[in-house]
Amino acid sequence: MTFTIPIENGNGVKNAEADSQRTLYPYVTGTSVVAIKYKDGILMASDMGGSYGSTLRYKNIERMKAIGKHSLLGASGEISDFQEILRYLDELMLNDNMWDDGNSLGPKEVHNYLTRVMYNRRNKFNPLWNTLVLGGVKNGEKYLGMVSMIGVSFEDNHVATGFGNHLARPILRDEWREDLSFEEGVKLLEKCMRVLLYRDRSAINKLQIAKMTEEGVTVSEPYSLKTFWDFKAFTNPTVGAEGSW
């Protein structure tokens with residue numbers, strides 16, 4: 001849904017071509033992204049669902065992308081806005097490569113760039129409806145940060161967007177440690193994604209896990225988690241609840 005701001009010329013005549021449109025809410029959205037630092041780099045997980053309102057319309061959307069040589073980007077929120085952000089980053093990386101000076105943008109620089117982009121669009125009252133996770137490794141230093149749709153950003157040892165910020169972060173605070181191996185990190189992310197699958201209606205049981213190290217980015221093939229739906233709270237969710245029925 002959009003609303004239009006008519007713009008008048010000097011004679012008081014409205015110019016339809018100069019109308020300014022603003023998106024009032026997102027249409028096709030992706031849900032949580034969860035990312036952690038581990039012993040050798042960064043691990044990031046997301047499912048592949050795209051919701052059209054409350055309908056799980058798309059089941060094959062990749063929401064994690066390699067950015068340049070040193071960075072990995074994940075996004076929740078509006079898919080078309082994520083595609084626009086990827087176009088911005090393609091242009092940024094092309095300009096960086098054109099310098100051909102032997103240097104390349106690292107994850108911290110890309111994270112700062114995204115923060116400025118999101119805050120700039122927020123100030124124009126035309127935000128990009130995404131929450132972004134940016135991780136990477138450069139010169140042996142691991143970096144992981146997040147930026148919201150209004151330009152609020154921070155870095156941490158583990159981050160999560162959407163429902164993951166409420167349901168996965170408590171698990172990560174309890175179980176994350178700096179010397180996690182790759183296998184332990186994947187197991188921890190799968191535990192978080194399983195909880196989100198149980199509790200988030202927009203999550204689907206088809207996910208990918210991306211690994212970022214000094215050697216580059218590797219994104220797994222889509223796969224599903226083993227689940228258990230016979231918990232008492234699942235089989236009869238209204239038992240003991242108060243209500244007119």
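This is a predicted model: local features need pLDDT of at least 70, side-chain atom pairs count only at pLDDT 80 or more; totals for chains, interfaces and linings use all residues.
Modeller: Let's start with one idea: two residues are in contact when they have heavy atoms within 4.5 Å of each other.

Colleague: Thanks! Which residues does Leu43 touch, not counting those up to four places away in sequence?

Modeller: Leu43 touches Val34, Ala35, Ile36 and Tyr38, then Phe182, Gly185, Val186 and Leu189, and also Ile209, Ala210 and Lys211.

Colleague: And how many residues has the largest nonpolar core?

Modeller: The general idea comes first: in soluble globular proteins, nonpolar side chains tend to be buried together. Here, the largest nonpolar core has 20 residues. Leu43 is among those with the most contacts inside it, along with Val34, Ile36, Leu188, Leu189, Met193 and Ile209. At least two core residues come from each of β4 (33-38), β5 (41-47), α4 (169-175), α5 (182-199) and β14 (207-213). Helix α5 gives the largest share, six residues. Another core lies apart from this one; it has 17 residues, including Ala75, Leu86, Leu89 and Leu128.

Colleague: Now the helices. At what angle do α1 and α2 pack?

Modeller: An angle under 35 degrees would count as roughly parallel, and one over 145 as roughly antiparallel. Helix α1 (residues 79-99) and helix α2 (residues 107-123) pack at about 135°, and their axes are 12 Å apart. The two helices are therefore oblique to each other, and their crossing is right-handed.

Colleague: Which residues make the contact?

Modeller: From α1 come Ile85, Tyr88, Leu89, Leu92 and Met93, while α2 brings Val110, Tyr113, Leu114, Val117, Met118 and Arg121. Sorted by type, the residues of this contact are ten nonpolar, no polar and one charged.

Colleague: Let me try a single residue. Is Thr31 buried or exposed?

Modeller: The cut-off for buried is under 20% relative accessible area. Thr31 has 13%, so Thr31 is buried. You will find Thr31 in the loop between β3 (28-30) and β4.

Colleague: With which residues is Thr31 in contact, leaving aside its neighbours within four places in sequence?

Modeller: They are Asp47, Arg63, Ser76, Thr161, Asp200, Ser202 and Ala203. Also look at Phe163: it sits 132 residues from Thr31 along the chain, yet their C-alpha atoms are separated by 7.5 Å.

Colleague: Last one: how many helices and strands has the protein chain?

Modeller: There are six helices and 15 strands. Of the 245 residues, 44% count as buried. Among contacts with a separation of 6 or more, 59% are between residues 24 or more positions apart.

Technical notes: Residues are numbered from 1 along each chain as its sequence is written. Side-chain values use heavy atoms; hydrogens and water are left out. A nonpolar core is a set of buried Ala, Val, Leu, Ile, Met, Phe, Trp, Tyr and Cys residues joined through side-chain atoms within 4.5 Å. Buried means under 20% relative accessible area, exposed over 50%, partly exposed in between (1.4 Å probe, protein chains only). Helices (H or I, at least four residues) and strands (E, at least two) are DSSP runs, numbered from the N terminus. Axes are lines fitted to C-alpha atoms, for helices over the stretch in contact, and angles run from 0 to 180 degrees between N-to-C directions. Angles under 35 degrees count as roughly parallel, over 145 as roughly antiparallel, 65 to 115 as roughly perpendicular and the rest as oblique. A crossing is left-handed if the near helix is turned anticlockwise from the far one by less than a right angle, and right-handed if clockwise. Ala, Val, Leu, Ile, Met, Phe, Trp, Tyr, Cys and Pro count as nonpolar, Asp, Glu, Lys and Arg as charged, and the others, Gly among them, as polar.
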